[in-house]
There are 2 protein chains.
Amino acid sequence: MVTLKDIAAKVGVSISVVSRVLRNNMGQTRVRPEVAEAIRRAAKEMGYVPNPSAVALVRRQHNTLGLFFHRIGVPGSGIQENTLDGICAAARERHQRLLVVFFSTTEEFRQEWDAVRHGYVDGVLFVGRPHQDLLPDVVALRKTGRAVVTLYHEPLAPDIPNVGIDQQMVGYLATRHLLDLGCHRVVFLSTQKDASSSDFLRRRKEGWLRAMAEAYGGAPPSDLLEIPCGLDYASGARAIGRLMEGNVWFDGVVAASDAQASAVLNEVERRGRRVPEEVRIIGVDDSPICQMTHVPLSSISQQYFERAQRAVALLCDAIHGQEVHSEVFPPVLRPRTSTLGT
Amino acid sequence: MVTLKDIAAKVGVSISVVSRVLRNNMGQTRVRPEVAEAIRRAAKEMGYVPNPSAVALVRRQHNTLGLFFHRIGVPGSGIQENTLDGICAAARERHQRLLVVFFSTTEEFRQEWDAVRHGYVDGVLFVGRPHQDLLPDVVALRKTGRAVVTLYHEPLAPDIPNVGIDQQMVGYLATRHLLDLGCHRVVFLSTQKDASSSDFLRRRKEGWLRAMAEAYGGAPPSDLLEIPCGLDYASGARAIGRLMEGNVWFDGVVAASDAQASAVLNEVERRGRRVPEEVRIIGVDDSPICQMTHVPLSSISQQYFERAQRAVALLCDAIHGQEVHSEVFPPVLRPRTSTLGT
DNA sequence: CTGAAAGCGCTTACAG
DNA sequence: CTGAAAGCGCTTACAG
């Protein structure tokens with residue numbers, strides 16, 4: 001590998017000048033332009049790439065980002081893939097290496113935590129499900145001088161920068177889409193009271209209520225249908241099955257995930273009602289499943305790829321001492337046959 | 001961050017001893033046991049973690065693995081997630097940082113190639129679809145002293161270590177499973193002649209033929225049904241649709257992916273035949289989709305998580321100068337309702 | 001305008 | 001049995 005010394009020898013100057021020219025870091029002194037030019041040319045010709053370890057050592061940085069990834073999304077949702085794709089692309093662009101930890105439970109988190117807490121990373125990105133019980137750890141981490149950014153639905157705390165998504169708008173967009181297509185009674189698949197994930201669903205519900213209120217001239221109707229339900233396929237199937245057994249009439253369903261939506265689709269049709277002619281269905285995540293169900297599913301994208309890229313950008317800015325603030329992305333409607341028809 | 005100097009000061013020895021004790025690297029000399037003990041205790045108490053940049057600088061290593069990931073699997077297959085999960089876990093365990101590049105086309109590969117070729121990585125793991133046209137680049141990379149391992153179905157070249165999967169066994173296991181359950185005419189969804197992915201499907205086909213031959217007393221029957229078909233949902237639906245329109249009778253289908261299998265399921269039932277009573281269906285990948293279809297799909301796991309972990313282990317061994325060889329994992333059958341019934 | 005020198009934190013022959 | 005010293009490749013005050 002070619003070093004500063006090699007370039008210095010070739011051009012006939014000291015390595016100090018070479019370093020300053022290539023790093024564009026010349027204090028208040030100027031270097032003769034022809035020398036600078038010669039250095040830059042030589043560096044390019046010789047294929048010089050700075051040794052990141054040497055740079056890291058002297059700069060007391062590590063060009064490494066920690067990534068704490070709480071597995072999210074029902075399996076198959078594609079959220080994990082999209083998020084990682086965005087993170088890796090943005091990190092590569094900024095010459096940042098990655099130290100990735102996947103975890104699913106607080107215990108797993110604790111097990112791996114030391115590796116990052118004592119590890120040589122300049123900043124940490126937390127992805128997935130927000131845990132209030134991890135807040136002290138995150139705060140402690142910041143005290144050690146590391147930058148922290150989260151990629152959660154909502155900020156963990158007001159002063160921890162987050163790249164979020166407007167969950168109220170998720171609920172609103174989905175419901176509004178169904179109402180615009182002529183639906184009257186739109187079921188909202190909500191969550192069990194005790195679920196840790198209930199926060200974002202609470203906000204989505206607000207969006208559903210707002211859209212329903214708009215459609216009903218100001219106040220939501222009194223016969224609103226909110227059905228508590230887990231995010232997975234089986235829960236969705238059970239919930240909608242019970243509803244239909246009770247002979248409750250509805251003509252639209254806002255599911256909380258695409259897995260749920262596919263369950264609703266299968267269950268509704270199995271019980272003899274047609275999608276989307278009699279019941280329109282929309283999910284959330286815009287996942288690959290949407291194109292594999294026998295009626296393609298409409299969905300709402302939570303923009304994980306884009307948000308992941310942005311989160312890495314913010315993290316790098318924070319590492320370089322800039323002040324960064326939380327951002328909120330708008331969700332995007334992806335209509336397909338399960339609402340539009342063919 | 002605590003350094004060797006801090007520990008040396010506390011214990012009252014030179015940093016050389018501390019380094020040798022902690023690294024377990026003492027040449028032919030011995031250190032007094034009580035001193036060694038004191039050093040280890042101090043290191044632990046003070047929470048010492050070696051600065052990887054300093055170590056990297058002097059060792060001329062970088063504790064960084066390059067990861068060239070050709071996106072594989074139909075979206076939703078979960079292959080990408082499982083693979084990354086395995087890689088990240090194994091890399092963390094070995095204190096290796098990651099430099100991850102996702103790509104989908106040879107052009108994208110070329111764009112990112114320099115970053116790794118000139119980059120400071122000790123080894124590179126290639127994942128996904130093997131490209132014969134990348135072979136010269138891989139060989140050149142090895143010449144620069146980097147270790148190389150691939151996570152492909154089959155080795156790119158005989159001397160490049162690969163963690164593969166027995167594709168013949170994939171076809172055999174699937175077919176044999178259907179035959180054992182009483183199927184007589186098992187359709188094999190194959191691929192277009194020109195597809196770049198055709199290699200592994202050719203091997204799977206051998207497994208299908210072998211199983212059929214076994215069932216038919218030594219030689220496969222003459223009315224074998226091999227249907228060319230893309231790996232995605234739409235292709236699967238079209239292929240099986242055409243077959244059924246031609247009134248061709250069959251009672252088993254070995255699909256090439258779970259997406260395809262779900263398409264077959266929907267199409268077969270839409271045309272009035274029951275799964276698994278009249279037609280048994282099995283896919284490949286054991287993806288999350290399998291549990292979201294209205295009849296849960298049987299499938300064959302290609303062991304991506306386990307193989308990914310193993311590939312990282314081999315890569316690290318190779319980096320440390322050990323000779324490593326290709327391995328082949330056996331696929332695993334995951335039977336569900338689409339073949340077994342309820 | 002340019003260079004010599006110190007130092008980042010570690011490893012490892014080489015002396016004692 | 002243990003330490004002083006050189007050196008990995010770079011950056012950055014500090015001299016000239």
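Student: What counts as a salt bridge in this predicted model, and how many salt bridges are there over all chains?

Tutor: A salt bridge is a side-chain nitrogen of Lys or Arg within 4 Å of a carboxyl oxygen of Asp or Glu. The structure is a predicted model. Side chains of opposite charge can pair when their charged atoms come close. By this rule, the count over all chains comes to 45 salt bridges.

Student: Which parts of the structure are joined by the salt bridge between A:Glu112 and B:Arg92?

Tutor: The side chains of A:Glu112 and B:Arg92 meet in a salt bridge with an N to O distance of 2.2 Å. A:Glu112 lies in helix 6 (residues 106–117) of chain A and B:Arg92 in helix 5 (residues 79–93) of chain B, so what the pair joins is two chains.

Student: Is B:Arg92 buried or exposed?

Tutor: Buried means under 20% relative accessible area. Its partner in the salt bridge, A:Glu112, has a relative accessible area of 22% and is partly exposed. B:Arg92 has a relative accessible area of 17%, so this residue is buried.

Student: How many residues apart in sequence are the parts tied together by A:Asp286 and A:Arg336?

Tutor: A:Asp286 and A:Arg336 form a salt bridge, with their closest N and O atoms 2.6 Å apart. A:Asp286 lies in the loop between strand 9 (280–282) and strand 10 (299–301) of chain A, while A:Arg336 lies in the loop between strand 12 (332–334) and helix 13 (337–340) of chain A. The pair therefore ties together parts whose separation in sequence is 50 residues.

Student: Which class of exposure does B:Glu93 have, buried, partly exposed or exposed?

Tutor: B:Glu93 forms a salt bridge with B:Arg94, and the closest N and O atoms are 3.8 Å apart. B:Arg94, at 30% relative accessibility, counts as partly exposed. The cut-off for exposed is over 50%; at 57% relative accessibility, B:Glu93 counts as exposed.

Student: Which residues are linked with A:Arg176 in a network of salt bridges?

Tutor: A network of salt bridges can be traced in chain A, and A:Arg176 belongs to it. The residues linked with A:Arg176 in this network are A:Asp180, A:Arg210 and A:Glu214.

Student: What percentage of the atoms of DNA strand D within 4 Å of the protein belong to sugar or phosphate?

Tutor: DNA strand D is surrounded by 27 residues, and A:Leu4, A:Ser19 and A:Arg23 are among the closest. Of the atoms of DNA strand D within 4 Å of the protein, the share in sugar or phosphate is 64%.

Student: Why is strand 6 of chain A described as largely enclosed?

Tutor: A:Val186, A:Phe188 and A:Ser190 point one way from strand 6 of chain A, A:Val187 and A:Leu189 point the other way, and all are buried. Strand 6 (residues 186–190) is largely enclosed by the rest of the structure because the number of its residues that are buried is 5 of the 5.

Student: What is the bridge partner of A:Phe188 in strand 7 of chain A?

Tutor: Strand 6 of chain A runs parallel to strand 8 (residues 252–254), with 3 bridges joining them, and in strand 8 the bridge partner of A:Phe188 is A:Val254. Strand 6 is also joined by 3 bridges to strand 7 (residues 226–228), and these two run parallel. In strand 7, the bridge partner of A:Phe188 is A:Glu226.

Methods:
Residues numbered from 1 in each chain as written. Chains lettered and ligands numbered in written order. Predicted model: local features only at pLDDT ≥ 70, side-chain atom pairs only at ≥ 80, totals over all residues. Heavy atoms only, no water. Helix = DSSP H or I, 4+ residues; strand = E, 2+ residues; numbered from the N terminus. Buried < 20%, exposed > 50% of the residue type's maximum accessible area, 1.4 Å probe, protein only. Near = heavy atom within 4 Å. Pairing = 2+ DSSP bridges.
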